[in-house]
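My notes follow in the order in which I looked things up.

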Amino acid sequence: MSGAVELENFVGGHWVRPVATGRLDVPNPSDGSLLARVPRSEAADVDAAVQAARSAFPSWREVPVAERARRVLALRALLESHAPELAHTVSRENGKTLDEAQGSVRRGIEATEFAASAPTTLQGYFLEDVSHGVDTTLLRQAVGVVVGITPFNFPVMIPLWMAPLALVCGNCFILKPSERVPLSAVLLARLIGEAGFPAGTFNLVHGDSAAVDALLTHPGVDAVSFVGSAPTARHVYTTAAAHGKRVQALAGAKNHLLVMPDADLDRSVPAIISSAFGQSGERCLAGSVVVAVEPGADRLVERLAEAVRTLTVGPGSGADTDVGPVNRADHRDRVNRWIQEGEAAGAVVAARGPVPPGSEGYYVRPVLFDRVLPEMTIAQEEIFGPVLSVVRAPSLSEAIAIANRSRFGNAAAIFTRDGGAAREFVHRIEAGMLGVNIGVPAPAAYFPFAGWKGSFFGDLHATGRDAVEFYTRKKVVTTRWF
Ligand code: NAD
């Protein structure tokens, strides 16, 4: 224990020891060993970061946008040259495989590239002669001090959805990363500092709910971008809004994958397995319920079961690992309770995967459930583990109705060769991110990312043009010259 790294906050361009004395252990999910100890920052630590950001704001917003974009390009180059180290850190503290970690780092770099296009995306518009001799201009300006509160499952990608774009729009930024994966955030802070962003423009405050609550209620914070679970998203949305802040809160999910009888199973089954079991199911876009449209469910379940039995479960660093550990021991226990509850409710276990014997890591045996009823809790609640439930439906329209009864609406997909079925699905499904023969329909960073219904609280989605709108305020100028 004594050798574990004690982490610090990054405030005003310096690494500082927080005033708060509380610390949390950060274990390696693959073997339970201690990686670091993260501070539980309190109101005084949050206030120091907000003050630093507020002091940096007046001069940062005056820096021409092309110069701000050049810093983002410098950051992009640093992210690229440090991509292996970033992926290794993500895999080590999150538990996902190196391959998955590399993919997520690439997605973060993509978001940084989008941010660099600010001299184009920040442009406003102009209309001549709205009245005789009167012209109107719309321009965009920075919001001020923006906070990003991020979850444990994408320790590099999600902070990079937020920080480069918020900064290039002329804001100052405070990152409050998940206390379960703080090491990736430390590395990001180092690289952002090296990229030449002035002191105080980017700050990092470690901690848990106390730090979050201090940020949500601090009068010096103007906007909050949040990604995490549904109960926390609701709390963040209502509290930040009640304190007069702009807020977007991306929340939990229960994603349905509809499989038509005509689906190409040779290609669909690997896509479904990767969606449900990749990253141990700890993805907001993970397919969690397959809705098998009859006739065809027997054939599909047989193929899925065969694939689940042959999954390799092991440490994130393992070259052959398909499914790494889940992030925490208590989460492993919670997922196992969901599995027991599914069996008790009458769902049929169609297949189980293996776990590495005798390991101290937080491994869950992957499970495929068949004959799940839509009203069972395993078909309704977000399990966030390597568990896939198959619900059988008599028709496409019943399959869509089952998916639409979910209180979540993050993502959904259909597997079919029938363009008419796919169109019907796209038109009628109630979710924000859809896939047609794609198991993880993650929009590229230049499109908006968010769900519908209980999966999202707010108006403007993350990434893409929505994010440019979120990180800026509009000013409309009506002009007449005498
Ligand atoms: P979480 O809600 O536990 O934590 C997210 C952040 O909120 C962390 O920084 C944490 O410190 C903070 N937090 C946690 N509890 C809090 C509380 N009571 N008060 C104030 N702050 C609190 O989420 P998680 O477990 O880290 O992440 C997994 C969840 O995130 C899943 O539900 C997943 O679906 C969701 N997620 C959603 C998206 C999306 O795009 N919709 C993307 C990724 C993850």
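I counted eight aromatic pairs in this model, which is a predicted one. I looked up two of the pairs in detail.

Entry on Trp60 and Phe197. I found these two rings edge-to-face, with 5.8 Å from centre to centre and 65° between the planes. Trp60 belongs to helix α1 (residues 43–60), while Phe197 lies in the loop between α7 (182–194) and β10 (202–204), so I noted a link between distant parts of the chain, 137 residues apart. I checked accessibility as well, and both Trp60 and Phe197 are buried.

Entry on Trp161 and Phe449. Here the centres are 4.4 Å apart and the planes stand at 45°, so I recorded the pair as tilted. Because Trp161 lies in helix α6 (residues 157–168) and Phe449 in the loop between β20 (433–436) and β21 (452–453), the pair ties together parts that are 288 residues apart in sequence. I found Trp161 and Phe449 buried too.

Entry on Lys176. I located this residue in strand β9 (residues 172–176), and it counts as buried because its relative accessibility is 3%, where the cut-off is under 20%. Leaving aside residues up to four places away in sequence, I listed its contacts, among them Gly148, Thr150, His206, Asp208 and Leu215.

Entry on the open sheet. I read the order of its three strands as β1-β5-β4, with mixed pairing, and β1 (5–6) and β4 (23–27) are the edge strands, each pairing on one side only. β4 runs antiparallel to β5 (residues 34–39) over five bridges, and I saw Val26 opposite Ala36 in β5.

Terms used:
Residues numbered from 1 in each chain as written. Predicted model: local features only at pLDDT ≥ 70, side-chain atom pairs only at ≥ 80, totals over all residues. Heavy atoms only, no water. Helix = DSSP H or I, 4+ residues; strand = E, 2+ residues; numbered from the N terminus. Buried < 20%, exposed > 50% of the residue type's maximum accessible area, 1.4 Å probe, protein only. Contact = heavy atoms within 4.5 Å. Pairing = 2+ DSSP bridges. Phe/Tyr/Trp six-rings, centres within 6.5 Å; stacked < 30°, edge-to-face > 60°.
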